Amino acid sequence: MDTPIDFRLSALQDWLSSLFPETTFTVAALAGDASFRRYFRAVIGKKSFVVMDAPPEKENCAPFIAIANAFENSSARFPTIISHDLNQGFLLLPDFGDRQLLLLLENNSADTLYQSAMATLLQIQQCSIVPNYHLPYFNDVLYWREFEIFDTWYIKKNLGKKSSDADEKKLKACYQLLIDSANTQPQVFVHRDYHSRNIMLCDDGKLGILDFQDAVLGPITYDLVSLLRDCYIAWPDDQIEKWAALFYQQLNLSVDFKNFMRWFDLMGLQRHLKCLGIFSRLYYRDQKEGYLKEIPRVLNYVITVCNKHPELQPLMEFLQ
């Protein structure tokens, strides 16, 4: 059987040829993500770059460019936009290498790497304005949209459960509790996917940050819990609390650490419910079965937090 022609890859190569005429280059695919974007490593002459292929009918590159530019002079390392073609959906970026944080996290390295990631997060949270772009608020509409993903794809599709009117009422009360907690927190720049697969250890030892195009202004614990209660790797609760305490000590908050950890718990629960829905959707809708193996870890986070907070028992009982 003939191999289908990859027209977008051909167009991408033509674009690179126009940027680097009379220069030989090679293009190799990199691991994909959960979106319609693809990434390639382009070795041009003696230099290595990453090229993003984001079909314009499915992906909007404008937020990525605006946010990357906003961090150009920050100590937090976001990729510089070397060149772009928005009509075709191509971006040329620096190459942060292959050392993904997830692959480096071990018992003897985790403390140093997480402290570095938290120091970077503190810098990221200082950004309040993105020039030429309206940074959206993580508002109630967005929260309810994410709960709908959980209901549709995890509860109904993955579990095959139908909720009664009484169940719906109890679940919505739990969801509202999570929203109220999120809205109580200071609102800062939120990367929204700040975890070990989107953080690279560059050759000079600094961390490079990826996949930030969905950033919003939102709760101060959101990125922290994404990092420490990562969907792709789990750590003991007492260790997570120690790392969270180190981060808390760098903040000037009017709440004590106990309340901060309640924010942290409930924020993580909101995120993990969304992730259960997204991982299920990736399998049933997009035929990406690799994310199914992460569901038990994420579900364990959900159960642990529900057990810790009695007001979440209706959610716990429904899931059981």
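The model is predicted, so local features need pLDDT of at least 70, side-chain atom pairs count only at pLDDT 80 or more, and totals for chains, interfaces and linings use all residues. Residues are numbered from 1 along each chain as its sequence is written, and side-chain values use heavy atoms, with hydrogens and water left out.

Start with the sheet. It is open, with five strands in the order β1-β2-β3-β5-β4 and antiparallel pairing. Strands here are DSSP runs of E with at least two residues, helices are runs of H or I with at least four, and both are numbered from the N terminus. Two strands pair if DSSP finds at least two bridges between them. At the edges lie β1 and β4 (83–85), each of which pairs on one side only. From one strand to the next, the twist averages 25 degrees.

Now follow the pairings. β2 and β3 are antiparallel and share seven bridges. Ala42 stands opposite Phe49 in β3. The two strands, β2 and β3, form a hairpin with two residues between them. In that turn, Gly45 has a positive phi of about 65 degrees. Next, β3 runs antiparallel to β5, and five bridges join them. Asp53 has Phe90 in β5 as its bridge partner. β5 (residues 90–94) also runs antiparallel to β4, with three bridges. Here Asp85 stands opposite Phe90.

How enclosed is β3? Five of its seven residues are buried, so β3 is largely enclosed by the rest of the structure. Buried means under 20% relative accessible area, exposed means over 50%, and partly exposed lies in between (1.4 Å probe, protein chains only).

A helix packs on this sheet. α1 touches β1, β2 (38–44), β3 (47–53), β4 and β5. Contact means heavy atoms within 4.5 Å. The direction of α1 makes about 60 degrees with that of β5. Axes are lines fitted to C-alpha atoms, for helices over the stretch in contact, and angles run from 0 to 180 degrees between N-to-C directions.

Turn to the cores. A nonpolar core is a set of buried Ala, Val, Leu, Ile, Met, Phe, Trp, Tyr and Cys residues joined through side-chain atoms within 4.5 Å. The largest one has 95 residues. Tyr114, Phe189, Leu224, Leu228, Leu269, Leu273 and Phe279 have the most contacts inside it. Helix α9 (residues 257–284) gives the most to this core, with twelve residues. A second, separate core has ten residues, including Trp15, Ala42, Ile44 and Leu92.

Look at Leu269 first. Not counting residues up to four places away in sequence, Leu269 touches Leu178, Val302, Val305, Cys306, Leu312 and Leu315. Then look at the helix pair. α9 and α10 (residues 295–308) pack at about 150 degrees, with axes 9 Å apart. α9 passes α10 in a left-handed crossing. A crossing is left-handed if the near helix is turned anticlockwise from the far one by less than a right angle, and right-handed if clockwise. Among the residues in contact are Leu269, Leu273 and Phe279 of α9, and Val302, Val305 and Cys306 of α10. By class, this contact of α9 with α10 has twelve nonpolar, two polar and two charged residues. Ala, Val, Leu, Ile, Met, Phe, Trp, Tyr, Cys and Pro count as nonpolar, Asp, Glu, Lys and Arg as charged, and the others, Gly among them, as polar.

Some other side chains deserve a look. Is Gln125 buried or exposed? Gln125 is buried, at 9% relative accessibility. Gln125 sits in the loop between α4 and α5. Beyond four places in sequence, Gln125 touches Val188, Phe189, Ile220, Phe247 and Leu251. Gln125 and Ile220 are 95 residues apart along the chain, and their C-alpha atoms are separated by 8.0 Å. Glu146 lies in helix α5. Glu146 is buried too, with a relative accessible area of 3%. Leaving aside neighbours within four places, Glu146 is in contact with Phe138, Arg192, Gln270 and Lys274.

Finish with the backbone. Most residues other than glycine have a negative phi. Glu22 is not a glycine, yet has a positive phi of about 65 degrees. Glu22 lies in the loop between α1 (7–19) and β1 (25–29), and is exposed at 87% relative accessibility. Asn132 also has a positive phi, near 65 degrees. Asn132 lies in the loop between α4 (110–124) and α5 (140–158), and is exposed, with a relative accessible area of 83%.
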